[in-house]
Amino acid sequence: VAEVGVISLPRPEVTRFTPVDAWDVGTQTFEFWGKNFGARNCSEDGDSISMVGDATGARILIGSTRTPCRVLEQNNTYVRCSVDSPIAAARAFSEDGGVPKVQR
C-alpha cells in the first residue's frame, strides 16, 4: 500500500559490468547494464524515470579512491562512463625496489 504524499522510486540494479579488472591509473571506460538507472533527458519510450533525472547522468564512483566516473552515455538500462584519474591509492616502492601489487 502506497503512502499518500510519498514518492517511491526503485533502486538502480546492476546486473553486469565491464571491465571486471581495471588499471589503477590511466583513462578507462566502464560499462554497466541493469535497470532503473534513470535517464539524462526526457524519453518517449515510457521506461525511464525522467522526472528525477540529472542532466549530467548517474553518479558513479569507482575504486578505493571513489573517483567520479564521467557519464558518456546513459539510458534506463545502460551507462557508459570514463575516468582519467587514479582509482586506487598510489603505490610506494617496496624495500627491494619493486612496486607492490595494488590492494583492492
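This is a short talk that walks through one predicted protein model, from its overall layout to a few single residues.

Hi everyone, and thanks for coming. Please keep in mind that what you see above is a predicted model. Let me start with the overall layout.

The chain has 104 residues, and 24% of them are buried. How many helices and strands are there? The count is 0 helices and 5 strands. Reading from the N terminus, the order of elements is simply β-β-β-β-β. If we take the contacts between residues at least 6 apart in sequence, 48% of them join residues at least 24 apart.

Now to the inside of the protein. Which residues make up the largest nonpolar core? It has 11 members: Phe30, Phe32, Phe37, Ile60, Ile62, Cys69, Val71, Val79, Cys81, Val83 and Ile87. At least two residues of this core come from each of strand 2, strand 3, strand 4 and strand 5. Strand 5 is the biggest giver here, with 3 residues.

As for its geometry, the link of Cys69 and Cys81 is right-handed, with 95° about the S-S bond. Are these two cysteines buried or exposed? Residues under 20% relative accessible area count as buried. Cys69 has 5% relative accessibility, so it is buried. Cys81 is at 0%, and therefore it counts as buried too.

Next, let's look at empty space. Rolling a probe the size of a water molecule over the atoms shows where such space is left. I'd like to show you the second largest pocket, which holds about 190 Å³ of space. Its lining consists of 14 residues, and those nearest the centre are Ala22, Phe30, Ile62, Gly63 and Ile87. By class, that lining splits into 10 nonpolar, 2 polar and 2 charged residues. Two strands, strand 2 (28-35) and strand 3 (60-62), each contribute at least two residues to the lining.

Which residues does Ile87 contact, leaving aside its neighbours within four places in sequence? They are Ala22, Trp23, Asp24, Gln28, Phe30, Ile62, Gly63, Ser64, Thr65 and Thr67.

Let's move over to Leu61, which sits in strand 3. Leu61 has 27% relative accessibility, so it counts as partly exposed. Beyond its neighbours within four places in sequence, Leu61 touches Arg66, Thr67 and Pro68. Its C-alpha atom is 9.4 Å from that of Val83, which is 22 residues away along the chain.

Arg66 brings us to the loops. Where is Arg66? It is in the loop between strand 3 and strand 4. Because its relative accessibility is 55%, Arg66 counts as exposed. Most residues other than glycine have a negative phi, and most peptide bonds are trans. Arg66 has a positive phi of about 55°. Asn36 has a positive phi as well, near 65°, and Asn36 lies in the loop between strand 2 and strand 3. On the peptide bond side, the one from Thr18 to Pro19 is cis, with omega near -5°. Pro19 belongs to the loop between strand 1 (13-18) and strand 2.

That loop between strand 1 and strand 2 also holds Gly26, my last stop. Gly26 has 35% relative accessibility, so it is partly exposed. Which residues does Gly26 contact, apart from its neighbours within four places in sequence? Those contacts are with Val83 and Asp84. Gly26 and Asp84 are 58 residues apart along the chain, yet their C-alpha atoms are separated by 5.5 Å.

Key. Residues numbered from 1 in each chain as written. Predicted model: local features only at pLDDT ≥ 70, side-chain atom pairs only at ≥ 80, totals over all residues. Heavy atoms only, no water. 1 Å grid on protein atoms, 1.4 Å probe; cavity = no way out; pocket = protein on both sides within 12 Å on 5 of 7 lines; lining within 4 Å. Points joined across faces, edges and corners; volume = space filled by probe spheres on them. Helix = DSSP H or I, 4+ residues; strand = E, 2+ residues; numbered from the N terminus. Nonpolar A, V, L, I, M, F, W, Y, C, P; charged D, E, K, R; others polar. Disulfide = S-S within 2.5 Å. Buried < 20%, exposed > 50% of the residue type's maximum accessible area, 1.4 Å probe, protein only. Core = buried A, V, L, I, M, F, W, Y, C linked by side-chain atoms within 4.5 Å. Contact = heavy atoms within 4.5 Å.
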